[in-house]
Structures are given as structure tokens and as C-alpha cells.
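Student: I have a model open and would like to talk through its local geometry with you. Could you take my questions as they come?

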Amino acid sequence: MKRLSRAVVSTLIIALTFLTLSETIASVPLNQALQQRYKTEETEQQGMSSMNVTKRTAAYSTANDEAEACATSWIVKWKQGQKDAKLLQKSEIINEQAAVDIAVLRPVDEAETENWLHDAKHSRQVEYIEPNHTVHSLASGVKPNDTLYAQQHYLRQIGADTAWTQAKSNSSIIIALVDTGIDFNHPDLKQNIVKGINLLDSGLPQDDNGHGTSVAGVVGAVGNNNKGTTGLLWSAKIMPIKALDSRGYGDEDKLGAGILYAVDHGAKVVVMSVGLYRYSKYMEDIVNYAEKKGVLLIAATGNDGGRYQDKVAVKYPAAYPTVFAVGGTTPQMKVEPRTNTGPEIDVVAPWHVFTTALGGGYKAEEGTSMAAPQAAGVAALLWSKYPELKPYQVRHHLRYTAKDIDGKGWNRKSGYGLLRADDALTVPFQEDAFGTNTARNKARVFPIDTSLSAVLRTKEEHWYVVDAPYDGTLKLQFQRIQGSGKVHVTHFTGEQVSGTTYSDVGSKQPAIPVKRGKNVLRLSSDDIIGSVGLTYKLASRFIVYQDPFEPNDKQYQAYAIPARTQDIVGTFSHAGDTDWYMIQLPSKATLRLKVSTDTVRIDPALEIKGSQIDTRWIDEQKEGQSEIALLEDLPPGKYYIQVQNAVTARPEAVAGEYTLHVDYMTQLADPNEPNDKMYEAVTISEGTEYKGVFHEEDDVDWFQFIVKKPVYATFKLSQLPSNRIVSMAVMSKEQKSLGSGSNASGETEVAAGTKLDPGTYYIRLTTNAKFDTKYYLLSVSTEPLIAGLRDVKGHWAEDSIVEAVTSGWMNGYGDAKFEPHRHISRAEAASVIANAFKLKRDIGQAPAFTDVPSSHWAHAAVARVAKAGITSGVGPKHFGPNRMVKRAEMAVMLGKALGLTPAKVTEAPFQDVAATHWAAPMIAEMKRQGLISNNQEEGFGPERFATRAEFVAMLVNVLNSEK
């Protein structure tokens, strides 16, 4: 799924990861009454029962009569053609076979099924009655010969193998993918690709990211071709539309242009694994155009469920009423926690897939991006069986044949349930499959911002339940598809028995005031003519209530709030809505402002103005996250606060609320509260001191620090009361400890330092006792890292140190320091030489040293250099691992490692290295070869201890001489 940036023309982003999937085979209910039947019929077929009704005495719902309990219609045989008129009055005739005196019936009132059955069994006109069983093909399923089919568990999870007994392909329609393009050279795709378009550049819509290729494989990898994977469609026409670049980014207008191109060039289905959190009039016009042209749009709901939790929402375009929205499921048939959920979701499909990959290969992929194309494939298979269906009918049938996985019926997590390819192909299409909502107690759920279709018949009423998330307005769009008659809508609030009627909603689209919670709608008509009835589509758009502070879109309309701590709950109820507030401070004070929201569709932002301060704009966080502004020591006067939704320059109304929390503080109020929880952490920046207090002993203060490049960060607390102990912990967002510290009694400071890669980190402060008479000060300072080290930048040996560290010859210390001026020990020198010169690891017959046992960290390195003759001990069986290396010894070690054979010298190589010095020959030879300085006036310092920088510089010089 991809995310849009906050620019006016937003940019689409995709996030791609992959996992594997364990196999789960499941079946799908046809409607609410068939759910249990399909659970028991998954792996076996039930034979028909023809027991005489006079012998049937078991109760309707007993285990011995399970088939009858799960049936939704019954086959009735009339005795000698004589029909039971009373029974027929309570029955709906589904089908009749007059030649054999057979009728297929079901009770008009499903709740009275048991009584209806009793009457039918005891009717003198009924010869026998049997449950109307579903007939299964004798084939258990179709298994293609694709070599990687066994890894495509998700296909069996949605019943594709059974669906293929009905249809395997559909080359009569075009499926367009608005994505990153497709790999035109992929051997498992190229046969099914038709002409598309590259909206970003000239040339073919060739995939340069991989996402589009994976989506294409789910829909239509060539099936049964003895290679790779198979798509839901073995043979298909896939139209690639490249609207996203190699990073997965693309402009909103390119998404719109991609849909238009698909519609205008013959596509029947358009798949969009992209999304953003804002409603767009532009995109709504595009979506409506596609619906009008008979094109089915299918989109992924998003992958942010784990991140945003209860604030999450279905992304657009999936959230538009006529777009089929697809979420994700786990291999265990549960809703995937990371999937975006909400009232607009239609069905869910497997999150984990195995599909085609860029470059001709295959890989595991995951996300609702991979779930959406599964729905497209099933829709295309359905169209191969029912080519006359309209998009709204396809949506209707896929919802109807989905399987409940998260409770009975529709819900905001799984929609209508798990996508089922098998039942979509085997269950006959019915225009009014959900048509049992003819009484208030059978009202059908009508989620906000969705669409549905149904058939209203003569003297019939349709009842719907709408769960409004807030007070607001429900705008209905009623469209008559077939039939005649005026339709009226009556709205009831909750359980009220009286309601408000809106007449002829087909000609005047009503805007119905609704209350938060349960709202009931009744559709009725007095003038429907004929038995066919009136087929209609019904769509809704929910508009949140106008907050009590309106009108306050302009600064001069600012709503005055008192100078005190308070919470203000507001909404964005119309296009371009911004809310201004004014607070007048009677005396010097500190204001801490925090604006939060309950939906990811709001990106809250703050603007603060005042005659004595510079205007401040606060928009640091992403959608759904809080913004905080601290205004310290404000002089008395008027201050203006603007709250707005920064998701775009002129956002539309949003179904959500924001809360503006105003902390009005005098002395020693903690300006960062509430920050007791990790998710309330206050963002800190380098160069600023943040002050706070602990109001209670168990008070916890959380802060967060955002790192954009690798640094070593030091967090410091100062001004602590000497009789308090304050602990500080630095941790990752997974709460893994990275550093900690606390002050001892009598100390007033504490610090903790650690290396940090780019990301967000958290600082947790606790105390052993409250203090609120003195502020503590928290600050952070950073040092850039060079090769993971913070003390080498600008050092004369920087290049050599970086080469040694990055080559793995030598390491820094735990505090991200190399300590170039620190003396090097013989053990360290041995380790570096063994690594740099890649000495043989076989230490058999190496000299043994009693002061370097096998447990010593440098045991193997010392043995390797000793065996190579590079250095020896400092006494009988003693190596002296902790002795510092002198410069003369350093030169000899490195010279031997290089394999130099020095000759006897008669002249001093340096003024402080006499010709008789034990190391003079090697020093002279290294000087002759340019491995050390040949400036005679500069002493070599043979008896001075070598530093780590000097050792590594000479080492690099020696190694470079070999090249």
C-alpha cells in the first residue's frame, strides 16, 4: 500500500515487505443462514435426504437434522398437484417445476422458519419436503502444473482451486493495474500483457520497482504452463499503467489519469494498490466516471493498522462508495492486525502471497496491495460466467458470497468476510440476495460512505441500520436502475418509533440529520408496478457535525476561550474548515498547546499569533499524530491559535474530531505534561534545554529524539535536587535499552550516551521522590560519526583509521571512540596484524605463552603472529600482552609482517636511532622503502610508546606498499 505526501498534489508512496503463508483451506457462506452449512461441508459432500415428512419428528435445530437446520430453501412435493394455499401465503416461491408438482420454497419470515417447517411437514397437501442442498462437482478442485503452485497457499485459502472447476480464464475483458508498471520480459506474465501506458515518461510502462509485477502475478500469471506460479486467471488481458516511479511515488493526478486511461481504453476492472488519507473531489469525480462507464474499481485499504491502531481508516480511493475495498487476513483466517479497517471495507483476502518478481523470478509478498488483486481475479472469473453483470452487481455478489471470519455478518474489520472464489462461481447470482431486510428487526447494516443495491417489490419495505460515528448529516444518493415508482425514506433515531420521512428521494437527494450511534432507515414506495419490482442503488456520505465554535474560519472570527487549563473538542465539518481561538492572558504565563485527533484522516497543525511574539507554525508529525507547542513566559495580552487539518491545502470535511488541550501554567507546572506514556513523548531537539518537574513519586516523563544521520548522542540532565535520584534510560521504539544512567545522592547531574542510527528514540525519566520546586533541565548534544566513531574527524590519521576500521582490522571502543592518542598494547598489535595480513588461522605448533592462556581474548592472534615469526615473547614463555608497544618494536613488527629482510647498517637512520640500536636495520630498511618518514632532522622516537593512530597509519602505509 502506498501513502501520499501532504502536498496539494499529493505523492503516492508504496511500502513493500514480504512474508510466507501457511496453508488454510476454508469455505464460504452464501448468506447468514448458510454459514454453518458451509463450515461442515468444506471437505465432504452431503447426500440428499428424502425421508417422508410424516416420519420426521426431530427438532429443527438438532444435530440429527443438521442439513435441515442449515438450509435456506426447501423442495416441496405437492400431493397430486394440490397446493396448500395457507402454506404458500407464508412462503416465497423461488422456483417451480410444475410437470412433477415440485416447488422450491422458503419462509417469508426467516425468524419463523421452525414453525413454517412444522406446518409444511404436517400439511395434508405435502407429499414430502427436503432441504435444498447445494450440488458439488465430484472434482475436489483443479490443480495447475505450475512448478511453484504449492507455495501459493492463499489460492486454496480463498477456494480458487474449486472455482477453477467453473472457470479458469477471462480473456474477454481487460484488467488495468495502476501501479509501477509490469516486467514485460517476465516469462510468466508477458503472454497475458496488453498495451498500456507510461504516464511518467515515454516508452513502455516497464516496472522499475517490482510492486506492479507482483500485483500482476496475483491476478494473471500464466497458469498451467509448467513454470513458476499461476494467477487467479490462467489466461488474461492485463493492462499496465505506470503512474508510480521507481521509488513507488506518484502524483495524485497521475492516479486519476491512469484510471481515465483504463476506462477510455476498454478496461473492465481497475486495480489500485495505492492510497492516501484525504477525501478528494477530484478523485471522487474520476471514480464516479468509472462507475458510470461500467468499470469496476478495486483498491487496497492500507497497511497501517498496527501503527495507528484505533485511529486507522480505510485509505482513499478504497474509501469511496463505489470502489471495492479489500483488506487483509492472516494464514489463520483472522483479520491481519496491520490492515486498515473501517466502515468502507468490503471484503478481506490473504495478506501473504507468493507471486512474480521483477527480473523474471518469484518471491513472497505481503500487504493489502496483494489482497486487492485477488478480488480483481475473482471478479473477472465471475464475469466470465455472467458477462452481463454491472459493477454494482459484481460488488454485490462478492459481498454476498464472502465468508464470515470475525463474527456473524458485516463488521468494520472484515467487511462482509473473506473473499471466496469458489462460492462466487458456484452460488447463482441473485439481484436481491440480501433481500430479507423487510422488517425493522431484520434491518440490514448499511455502513457509512458505502453503496449497495437491492430490489424493492410491491408493498415491501427495506430497512437499514446506520451506525453514525458522531452526530452529523447523512447524505443519501438514491439511483433507480430498473422499474418505476417513487421511493421514500423514513429516518428513526435509535429505538424511536416515530421518524422523519423524506419523500421521493430519487429526485431530491436527502441530507438527514443523524445522532451518534444507531440510526434506522426505512425505504418504501406506494406505486411500484409489476412483480419485477424496483432495482436501486443507494450510497451515503457522512458529514460530521459542526462544532459549537463556528463560525471561526477567520482570525477576526476567533472564538474567545478563558485563560485556564481546558480541552476544546472541534471538528472540520466543511471544505477548507479552519478553527481560530483567542485567549487573553491577564498576567505573564506559559501556555502548552497540544492538538490531537481520533482519526488518521486528520493531520493536525497549529498556528499561533500574538502582538508580542513571532508567528509560529507547528506541523512536525504525520497524519493522526499530535502536535505540541510550548509558549513560555508570555507577556499579558491576546494570543490567537489556529487549528487546521494540514493533510492538504484545502481539505474536505472529515469524519473525526480533534482535541485542543490548553495548559495554562504559572509557577513550576510541567510544560511537557501529559507525557507519562511512550506515545505521549515530547520531541526534543539539539541546542534546546527542556525543563520539567515530577509532580508525584511515580511520575514518568517521556521524550523522543529524531535522528536523521548516524550520530553519537549524549543526553544530559542537570539542576537536579541533590537529595533526589533521577534515572534516565535511552531506548529504541521497541523499548530496547540503548543507554542509561542515574545520579548518586548528592550529585545534581546525570548523563547517558549512545550511538544512534537514523530513526526515532525515546528517553524515559523517573525519580525516587517527587520534586516540584525546581525544574530539571534535559538537553541533548550529538557528534557526527565517521566509520561509527566520533573522535576521528579532522584527525591527521583519519583516512588510515577509517580504512582500518571499515576493513575490520581494528575496532573502536564501546562509547564510539577510537581513542587515537591511546597507547597500543602488544595484544592489540598482534590482533591488528593478524587481521590485516590475514595470517593463517592454523595455530598448531605455535609458541605457547603462560600469560596468554586459551581464555585470553587475543590468544589466537598472538599465536598466529608468533608462529609467523613476526614477534616473540618478552621472556621465558611470556608474551607481555598488556605491555605497551614502543615505536621501535612497532616498526620491527610491521616490517616482519611485510616480509622485509633488513641488512646491517653502519649509519644511523635517524638522529635518535643509532646504528647499533637493535631495531636500526629494520627502521633503516623501512625508511629506504618510503614506509616511514625520511626527514633526518625529525627524530623517530624509538623508545616512545606508539599510539593507536601511529600504529594504524604505519600499518596502512605498509599494506599500500604491497599493492
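**Charges, rings and backbone**

Tutor: Let me begin with a charge over a ring: Arg826 lies over the face of Phe879, 4.2 Å from the ring centre. Please keep in mind throughout that this is a predicted model.

Student: Which residue lies over the face of Tyr249?

Tutor: That is Arg247, which is placed at 4.2 Å from the centre of the Tyr249 ring.

Student: And how many aromatic pairs are there?

Tutor: The count comes to 23 aromatic pairs. One of them is formed by Trp74 and Trp116, a tilted pair with 5.5 Å from centre to centre and 50 degrees between the planes. Trp74 belongs to strand β2 and Trp116 to helix α4, so that this pair links distant parts of the chain, 42 residues apart.

Student: Is Trp74 buried or exposed?

Tutor: Trp74 counts as buried because its relative accessibility is 1%, and Trp116 is likewise buried, with a relative accessible area of 4%.

Student: What about Tyr277 and Tyr308, how are their rings arranged?

Tutor: Those two form an edge-to-face pair, with the centres 6.1 Å apart and 85 degrees between the planes. Because Tyr277 sits in the loop between β10 and α9 while Tyr308 is in helix α10, the pair ties together parts that are 31 residues apart in sequence. Tyr277 is buried at 2% relative accessible area, and Tyr308 is buried at 6%.

Student: Switching to the backbone, where are the cis peptide bonds?

Tutor: A cis bond joins Tyr316 and Pro317, with omega about 15 degrees, and Pro317 is in the loop between α10 and β12. The bond from Glu550 to Pro551 is also cis, with omega near -5 degrees, and Pro551 lies in the loop between β24 and β25.

Student: Which phi value does Asn226 have?

Tutor: Phi of Asn226 is near 60 degrees, a positive value in a residue other than glycine. As background, most residues other than glycine have a negative phi. Asn226 lies in the loop between α7 and β8 and counts as exposed because its relative accessibility is 54%.

Student: Last topic, in what order do the strands of the open sheet with β26 come?

Tutor: Four strands form that sheet in the order β26-β33-β28-β31, with antiparallel pairing. Strands β26 and β31 stand at the edges with a single partner strand each, so one side of each has no neighbour in the sheet. The twist averages 15 degrees from one strand to the next.

Student: How many bridges join β28 to β31?

Tutor: Six bridges join these two antiparallel strands, and Ala589 has Leu634 in β31 as its bridge partner.

How values were computed. Residues are numbered from 1 along each chain as its sequence is written. This is a predicted model: local features need pLDDT of at least 70, side-chain atom pairs count only at pLDDT 80 or more; totals for chains, interfaces and linings use all residues. Side-chain values use heavy atoms; hydrogens and water are left out. Two strands pair if DSSP finds at least two bridges between them. Axes are lines fitted to C-alpha atoms, for helices over the stretch in contact, and angles run from 0 to 180 degrees between N-to-C directions. Buried means under 20% relative accessible area, exposed over 50%, partly exposed in between (1.4 Å probe, protein chains only). Rings of Phe, Tyr and Trp (its six-membered ring) pair if their centres lie within 6.5 Å; planes under 30 degrees apart count as stacked, over 60 as edge-to-face and the rest as tilted. A charge sits over a ring if NZ of Lys or CZ of Arg is within 6 Å of the ring centre and within 35 degrees of the ring normal.
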